[in-house]
Structures are given as structure tokens and as C-alpha cells.
Amino acid sequence: VLGVVAALSFALPPVRARVAEKAADMAGGDVNALLTGRLDGWRAAVWMLRSDPLTGVGQGAYRTEFAAARLALAADGTRFFERQHQVMFATPHNEVLSVAAEQGVPGLLALAWGIVIVIVAAARLQTRERRAFALAGLAALTVLCLLWFPLHLAAAAWPWLLFLAWVFRASETPA
Amino acid sequence: VKSPLSIVAAVLVVALMWQTMRVRDRIEAGRLLARVEARTLAAISAGRAPSTMFGEHLQWLDRAARLDPSEIGIPLARGTQFLLLRRPAEAIASYEAALALEPRPEIHLNLGRAFLLQGDRTRARDAFTRAVELNPLLRAEVPPGGLD
């Protein structure tokens, strides 16, 4: 599978250019450039969690608090990704940090509880095929949630919510 | 006596209807805002505007703001109308309302322009500085001497 992905990457010019750009960022040791500026959004989320650990900044308020976070971080000497054209983040591009920033520690605890019950439900699945499907889906969802915001977009969220609903239902259903 | 499940279902139906009405209002507000922006751009391109245009635009934007109070584009467009009308005090009030919704760098930039029009160079410089701090690419948009 990795071979097919690599072959396709080099066959398609825009993907090839992107891979070359990211390889140069990696060679230069610029992690923020490698992540296309995501560190800026993540640092802002951590700043918000530190400033409001008990409640977070409020549901949906990341985007309105981002400017204050960016200015405070810049004052502390943080360097931001310079090739970014859209400098204001509406979400941190990480669902865990989004919860941390907007709901604080209680939100993180609730999220941790949610993750545990999903993992327990997936482990309860009775056939190898179901378990493999659930684990593959959860792995994909984890990667997406750590680098993007699939649960903030209805069109991206609903298939994943359906998938999670299947995991819970199937965990209670005999094979 | 209704079962608890039917009560929950009824509440969900009411919430869905309420949300649908809100979406309808937001779509209408977006339509009004898009019309104002398109006509404003056309007027700027042509270098002239019908005498009634700004009055109509402000009325539409007032209506749009009632329909969707959280849409940041509405006070931003309102500020632009006042800036074009060379009424800096009202432009400043509109941009400050937009900043209260979401402090975007381009709003600070426009706020600086409004302060400059009002003759308040100190506050204009502060606004331009904040705009450039948030987005260094906006430095090219700052009027000459705006950051001095």
C-alpha cells in the first residue's frame, strides 16, 4: 500500500512538488514549516488552556481569542510561520487541543472518558474482521483529529459519527 | 400522558425548526451582504456611485445585522460604507463593533485608515501596528507613513 501511495505521489506533479517542499522543510529542521504552520495554532491553544484551565475560553471562542494569544506569544518571542497567508486560525487544527482550549481541563477529562469507552467498545467486537475494521477506522480518525478538524465540519463529521455509532452498536451485537 | 421519549422528540422537532429558521435568516443576511459588497466594488471600479446607493446599503446592512448579529462581515462592510462616505466617526464605531466580534488584522487596518481620515495619527499608528503584528503581510497595505 505504501508503495502504491509513493508511486502515485511521484506520478502527480502537484503532490510531487508538495512532497519535495516538505522534504526540504524536514531537512532544514523547520518543524513548523513541515506542519504548514500548525504549531502556531497548537501553541495558541496551549496558551488558552493555561490562561483559562478550569473553563477554557468557551465553546467556539478559539477563533475570537486567537488574536490575543498570538500577540501574547509574539511578545514572549515566539516566531510564527512566515509563509502563512491565512494568519488567523479558527480552530487549532487538532481536535484534542481544540477541546483543551475551549473547554479546559473538564473538557479534556470528558474527552479522555469518551476515548476510553470507544476503545473498550472496539476491543469488545467479537470477530477479527470487525475489530480490524474498527481499529483501522479509529487509527484514521486519530490521525485526522490530531492534524485537522474533522469534527468541526458537518460534512466530515457525520460519516465518522456513523462509524462510531456502528462501533458501539456492533460491540453489543453477537457476530 | 405522553411518554418521556415523545416529549424529547417534540423538543428536538421544535429545536430543529428553530435552527432551520436561524439558517434561513443567516442565508438572507449573507445575500444582503453579498449584494452590498458587489455593488460597492462595482462603484469603486467605476469611480462613481448613484446618490442613493450608500443609503440603501446601510439599510440593507442594518437588516442583515438584525438577521445575523454574529456575522463579522456586516459591521466590516458597514465601516467600509462610512469610510467611502468619508464619515470616519461612524466607520470607527463600525470597525470597533467588528473587532468586538473577532479581532482580525484587516479590521485593525481599516480602523487605522478611519483614524487617519479623522486626523488622529496616534491611534491610526496603533491600529496599523496591531494589524501588522497580527499579519506581517499587511505592511504593504498600510498608507505611507502610517507606522511612523
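Visitor: Where does A:Leu8 lie?

Guide: This is a predicted model, and in it A:Leu8 belongs to helix H1 of chain A. A:Leu8 is also one of the residues of a nonpolar patch on the surface.

Visitor: Which residues form that nonpolar patch?

Guide: A:Val4, A:Leu8, A:Phe10, A:Leu12, A:Val15 and A:Val19 form the patch, and together they have about 510 Å² of accessible area. Two elements of chain A, helix H1 (2–11) and H2, each give two or more residues to it. H1(A) gives the most, with 3 residues.

Visitor: How many residues apart are A:Arg18 and A:Glu21?

Guide: They are 3 residues apart, about one turn of helix H2 (residues 13–27) of chain A, where both lie. A:Arg18 is partly exposed at a relative accessible area of 40%, and A:Glu21 is partly exposed at 33%.

Visitor: What about the side chains of A:Asp40 and A:Arg43?

Guide: They also meet in a salt bridge, 3.9 Å from N to O. Both residues are in helix H4 (residues 38–51) of chain A, and because they are 3 residues apart there, about one helical turn separates them. The accessibilities need the cut-off: buried means under 20% relative accessible area, and exposed means over 50%. A:Asp40 has 1% relative accessibility, so A:Asp40 counts as buried. A:Arg43, with a relative accessible area of 33%, is partly exposed.

Visitor: Which parts of chain B does the pair B:Glu28 and B:Arg63 tie together?

Guide: Their side chains meet in a salt bridge at 3.2 Å, N to O. B:Glu28 lies in helix H1 (residues 4–46) of chain B and B:Arg63 in helix H2 (residues 53–67) of chain B, so the pair ties together parts that are 35 residues apart in sequence. B:Glu28 counts as buried at 18% relative accessibility, whereas B:Arg63 counts as partly exposed at 39%.

Visitor: Which residues do salt bridges that share partners join into one network?

Guide: The network is made of A:Arg18, A:Glu21, A:Lys22, A:Asp25 and A:Arg83. One of its members, A:Asp25, lies in helix H2 of chain A.

Visitor: Is A:Asp25 buried or exposed?

Guide: A:Asp25 is buried, with a relative accessible area of 9%. Setting aside neighbours within four places in sequence, A:Asp25 is in contact with A:Asp30, A:Ala33, A:Leu34 and A:Arg83.

Visitor: Now the interface. How many residues does the contact take from chain A and from chain B?

Guide: Chain A gives 9 residues and chain B gives 11 residues. The two chains bury about 880 Å² between them, with 63% of it on carbon and sulfur atoms. Of the area that chain A buries against chain B, 46% is supplied by A:Arg63, A:Leu71 and A:Met88, more than any other three residues.

Visitor: What is the count of salt bridges between chain A and chain B?

Guide: The count is 1. A:Arg63 forms a salt bridge with B:Glu102, and the closest N and O atoms are 3.2 Å apart.

Visitor: Then backbone angles. Which residue of chain A has a positive phi although it is not a glycine?

Guide: A:His93 does, with a phi of about 60°. A:His93 is found in the loop between helix H5 (62–75) and helix H6 (95–124) of chain A. In chain B, B:Arg86 is a residue other than glycine with a positive phi, near 60°. B:Arg86 lies in the loop between helix H3 (73–84) and helix H4 (88–101) of chain B. With 62% relative accessibility, B:Arg86 counts as exposed.

Visitor: Last, the confidence values. What does the model score in ipTM and pTM?

Guide: The ipTM is 0.74 and the pTM is 0.82. For chain B, the mean pLDDT is 93, and 99% of its residues reach 70 or more.

Conventions. Residues numbered from 1 in each chain as written. Chains lettered and ligands numbered in written order. Predicted model: local features only at pLDDT ≥ 70, side-chain atom pairs only at ≥ 80, totals over all residues. Heavy atoms only, no water. Helix = DSSP H or I, 4+ residues; strand = E, 2+ residues; numbered from the N terminus. Buried < 20%, exposed > 50% of the residue type's maximum accessible area, 1.4 Å probe, protein only. Salt bridge = Lys/Arg side-chain N within 4 Å of Asp/Glu carboxyl O. Patch = residues over 30% accessible without salt bridge, like charges linked within 9 Å, V, L, I, M, F, W, Y side chains within 5 Å. Areas by Shrake-Rupley, 256 points an atom, 1.4 Å probe, with all protein chains shown as cover. pLDDT = per-residue confidence, 0-100. Contact = heavy atoms within 4.5 Å. Buried area = accessible area lost by both parts, 1.4 Å probe.
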